[in-house]
Amino acid sequence: YNKKLAERCIFFRAVCEFSRKAGVFEGPLSSGQLPRLAGMSCKTSGVQFNLTGGRNRSGKPSIEVRARGRLEVPCQRCLEPMEFGIDVEVELELCADPVWIAQADDDIDRILVDREMSVAQLVEDELILVFPQFPRHENCRIAGLPEQRSKQSPFVALAELKRRGSP
């Protein structure tokens with residue numbers, strides 16, 4: 001595996017040829033190759049990706065993108081680091097016309113393949129799309145604050161007053 005290969009740009013014809021020949025391209029991406037995730041305070045020891053060329057149900061050239069890894073981000077509630085697994089699998093139809101993509105009235109995921117296309121950026125795009133908007137632990141406490149007690153619903157209190165016959 002050549003690390004520089006993941007960073008090189010693939011031209012449109014090569015991408016279509018990759019799809020036509022059902023090519024496979026896989027390897028790891030380090031956090032240094034995922035700068036937008038790093039800008040979101042996300043750390044990773046690496047993400048394993050796999051790109052597979054082919055044709056979609058409509059017979060159009062497509063690329064299946066798979067990416068798996070573990071990401072560490074700060075919890076938005078307690079600001080402590082939290083780790084979660086990420087697993088992406090999406091099929092992208094290749095398209096050279098942005099107008100066609102904008103006007104398409106279906107739920108097919110498309111990607112504009114213009115003069116240059118970065119493999120690392122393509123994988124990072126898909127990771128960002130599944131990234132939680134507000135990552136937080138399922139159960140976390142903020143240091144220095146007492147645990148919250150569950151408050152009684154005002155409707156329960158009202159029902160209790162009605163039962164007692166209070167005016």
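**Entry 1: leucine 79**

I looked up leucine 79 and noted that, at 62% relative accessibility, it counts as exposed, where exposed means over 50% relative accessible area, buried under 20% and partly exposed in between, with a 1.4 Å probe and protein chains only. Leucine 79 sits in the loop between β3 and β4; helices (H or I, at least four residues) and strands (E, at least two) are DSSP runs, numbered from the N terminus. I also noted that leucine 79 has a positive phi of about 65 degrees although it is not a glycine. As a reminder to myself, most residues other than glycine have a negative phi.

Before going on, I wrote down that this is a predicted model, in which local features need pLDDT of at least 70 and side-chain atom pairs count only at pLDDT 80 or more, while totals for chains, interfaces and linings use all residues. Residues are numbered from 1 along each chain as its sequence is written, and side-chain values use heavy atoms, with hydrogens and water left out.

**Entry 2: serine 41**

I then turned to serine 41, which is not a glycine and yet has a positive phi of about 60 degrees. Serine 41 is found in the loop between α3 (35-39) and β2, and I recorded it as partly exposed because its relative accessibility is 44%.

**Entry 3: the whole protein**

I listed six helices and five strands in the protein, and along the sequence I read the pattern α-α-β-α-β-β-β-α-β-α-α. Of the 167 residues, 31% count as buried. Among contacts between residues at least 6 apart in sequence, 61% join residues at least 24 apart, a contact being heavy atoms within 4.5 Å.

**Entry 4: the sheet**

In what order do the strands of the open sheet lie? I found the order β1-β2-β3-β4-β5, with mixed pairing; two strands pair if DSSP finds at least two bridges between them. β1 (24-29) and β5 (110-112) stand at the edges with a single partner strand each, so one side of each has no neighbour in the sheet. From one strand to the next, the twist averages 30 degrees, with axes taken as lines fitted to C-alpha atoms, for helices over the stretch in contact, and angles running from 0 to 180 degrees between N-to-C directions.

α5 packs on this sheet and touches β1, β2 (43-55), β3, β4 and β5, its direction making about 120 degrees with that of β4. I noted too that β3 (residues 61-74) and β4 (residues 81-95) pair in the antiparallel sense over 13 bridges, and that proline 74 stands opposite proline 81 in β4.

Is glutamate 124 buried or exposed? I found that glutamate 124, which lies in helix α5, is buried, with a relative accessible area of 2%. Not counting residues up to four places away in sequence, glutamate 124 touches Leu34, Pro35, Arg36 and Leu37.

Arginine 136 belongs to the loop between α5 (119-130) and α6 (154-164) and is partly exposed, with a relative accessible area of 45%. Its C-alpha atom is separated by 9.2 Å from that of proline 81, although the two residues are 55 residues apart along the chain. Leaving aside neighbours within four places in sequence, arginine 136 is in contact with Cys75, Gln76, Arg77 and Met82.

**Entry 5: salt bridges**

How many salt bridges are there? I wrote down 11, taking a salt bridge as a side-chain nitrogen of Lys or Arg within 4 Å of a carboxyl oxygen of Asp or Glu. In one of them arginine 66 is joined to glutamate 89, with the closest N and O atoms 3.6 Å apart; arginine 66 is in strand β3 and glutamate 89 in strand β4, so I noted a link between distant parts of the chain, 23 residues apart.

Another salt bridge joins the side chains of glutamate 93 and arginine 110 (3.1 Å, N to O). Glutamate 93 lies in strand β4 and arginine 110 in strand β5, so this pair ties together parts that are 17 residues apart in sequence, and I noted that both glutamate 93 and arginine 110 are buried.

In helix α6, glutamate 160 and arginine 163 lie three residues apart, about one turn of the helix, and they form a salt bridge whose closest N and O atoms are 3.5 Å apart. Arginine 163 is exposed, with a relative accessible area of 63%.
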